[in-house]
Each structure stands twice: as structure tokens, then as C-alpha cells.
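Please examine the sequence and the model shown below. The report that follows treats strand faces, strand pairing, nonpolar cores and a helix contact.

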Amino acid sequence: MKSYFFALLSALALCASSFGAEAVRVSCVGDSITAGHGIKNPAQKYPQRLGAILGAGFDVRNFGVSGTTLLSKGDFPYVNTNAYKNALAFNPNIVVIKLGTNDTKPQNWKFAGEFKANLNALIDSFKALKTNPKIYLCYPCPLYSLNSGGINEDRIFNGVIPVIREVAKERGIAVIDMHSALSDRPEFFPDRLHPNEDGANLMAWTVAKKLLKDLTPKAARD
């Protein structure tokens, strides 16, 4: 296991060097799960853990905002937040988007037909940056309750995830399957919705391994 982690970190360092002398800037976009709701130590939140895993060659920033929706007509659209503006202003090289959980609330889901267009618009806003960042779309984490504050697991699995999958396929965008990665891990979700420190750590490693696979030149992986 230690040799695997050493190989992972060595490959990630190689990835960072491929971007040049400056640190690779990573914007983590999302809702309360990205923001780290319930995690008292900021260093244990998933974006911060990701930064620690990736090391000095990467500058990972947490732009999560609790309660936000991807839907622009939702009750708290992410695109209306200062965090969104700051995520753009950061001029990232990589963007990890994890939104869609709050969109399943009844007051938001009535606009579900606009989810695909809104997701494409969000992607376009980052792709328009001079850095032309690589985008990663995350499937939402599982909900360990049929319904929590209006958030609905059936809508996550059968509504949000298929649209993210469709957009990713159409645009050639990489997907990070947080839903599968954190399935069968109810102990990581004390309130059935938000991952704890162990869950955030698993999220961070899931992202790190995906970056390794996608960004490391094939010759270096062999």
C-alpha cells in the first residue's frame, strides 16, 4: 500500500511539472459537501485534504457554498454567489464541480428540465477562461435516507446523475463517481447527508486518483 501511495504522489508531481513552474490551480466548486459542513477542522475538508495529498505543486481552493443549486432558478443558485466569482477569478487549470444534491428539493426539482442547460452554461463559463481549464464533473454523494430536508436519493440517482453522465459524454468531460466511491459507507455520514472527516478523505483520494489517471502521461504510468 505504501509503495502505491508513493507511486501516486510521484506521478502527481510529474503532472504538476507538466503545467510549468507555477503551481497547478484547482477550483473545487460545490455545495455544503464541498464546503465541509459539519467538519470542524478546515484541514479535514475534502478540498483541503486534496491539496495536502497533491502536494506543493498544486494550489487547491475550496469554493463550496452550503445550500447551493446548479439550477439557476433554484432557491440558492451557485452562480449567484461570490464563491463562484472567486472560483473564476482564480483562473484555475482544473475545475472539480460537485453540484446537484440540493437541486433535488421539490422547490428546485420543478426546474429539472433546465438542469442540462445550466450545467453546460457553468462549464462554458470556466472553459472561457484564458487557462481553458480541464473540467471534472462529480456525481453527487449518496444520500443515506430516502428524503432529507427535501433532498431525494431517487432524484439524485435517477435524475441528476444521468444528466451529468450525458453532458460528460457529449462534451468529452471526465467524470468522478463520488456516488459509487461513497456507497456502502453509511458510517461516514453521521447525519445521513454530509460526509464526516473519513468521508471527506475518501472523496479527496477519489479525486486525486482520477487526476493521476488522466493527467499523467501514459509512458509514465507504464
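Which residues of strand E7 lie on its covered face, and which on its uncovered one?

The model is a predicted one. In strand E7, which spans residues 174-177, Ala 174 and Ile 176 form the covered face, whereas Val 175 and Asp 177 form the uncovered face. In a regular strand, side chains alternate between the two faces of the sheet.

Strand E4 (residues 134-139) runs parallel to E7 and is joined to it by 4 bridges. Leu 137 has Val 175 of E7 as its bridge partner.

## Nonpolar cores

Leu 137 also belongs to the largest nonpolar core, a set of 34 residues in which Tyr 78, Phe 126 and Leu 137 touch the most other members. Two or more residues each come from helix H4 (82-89), strand E3 (94-98), helix H6 (115-127), E4 and helix H7 (153-171). The greatest contribution is that of H7, with 7 residues.

Among the residues that Tyr 78 touches beyond four places in sequence are Val 29, Phe 63, Val 65, Ala 83, Tyr 84, Ala 87 and Leu 99.

## Packing of H4 and H6

The axes of H4 and H6 come within 9 Å and cross at roughly 40°. The two helices, H4 and H6, are therefore oblique to each other. On the H4 side, the contact involves Tyr 84, Ala 87 and Leu 88; on the H6 side, it involves Leu 122, Ser 125 and Phe 126. By class, 5 residues of this contact are nonpolar, 1 is polar and none is charged.

Note on methods:
Residues are numbered from 1 along each chain as its sequence is written. This is a predicted model: local features need pLDDT of at least 70, side-chain atom pairs count only at pLDDT 80 or more; totals for chains, interfaces and linings use all residues. Side-chain values use heavy atoms; hydrogens and water are left out. Buried means under 20% relative accessible area, exposed over 50%, partly exposed in between (1.4 Å probe, protein chains only). Two strands pair if DSSP finds at least two bridges between them. A nonpolar core is a set of buried Ala, Val, Leu, Ile, Met, Phe, Trp, Tyr and Cys residues joined through side-chain atoms within 4.5 Å. Contact means heavy atoms within 4.5 Å. Axes are lines fitted to C-alpha atoms, for helices over the stretch in contact, and angles run from 0 to 180 degrees between N-to-C directions. Angles under 35 degrees count as roughly parallel, over 145 as roughly antiparallel, 65 to 115 as roughly perpendicular and the rest as oblique. Ala, Val, Leu, Ile, Met, Phe, Trp, Tyr, Cys and Pro count as nonpolar, Asp, Glu, Lys and Arg as charged, and the others, Gly among them, as polar.
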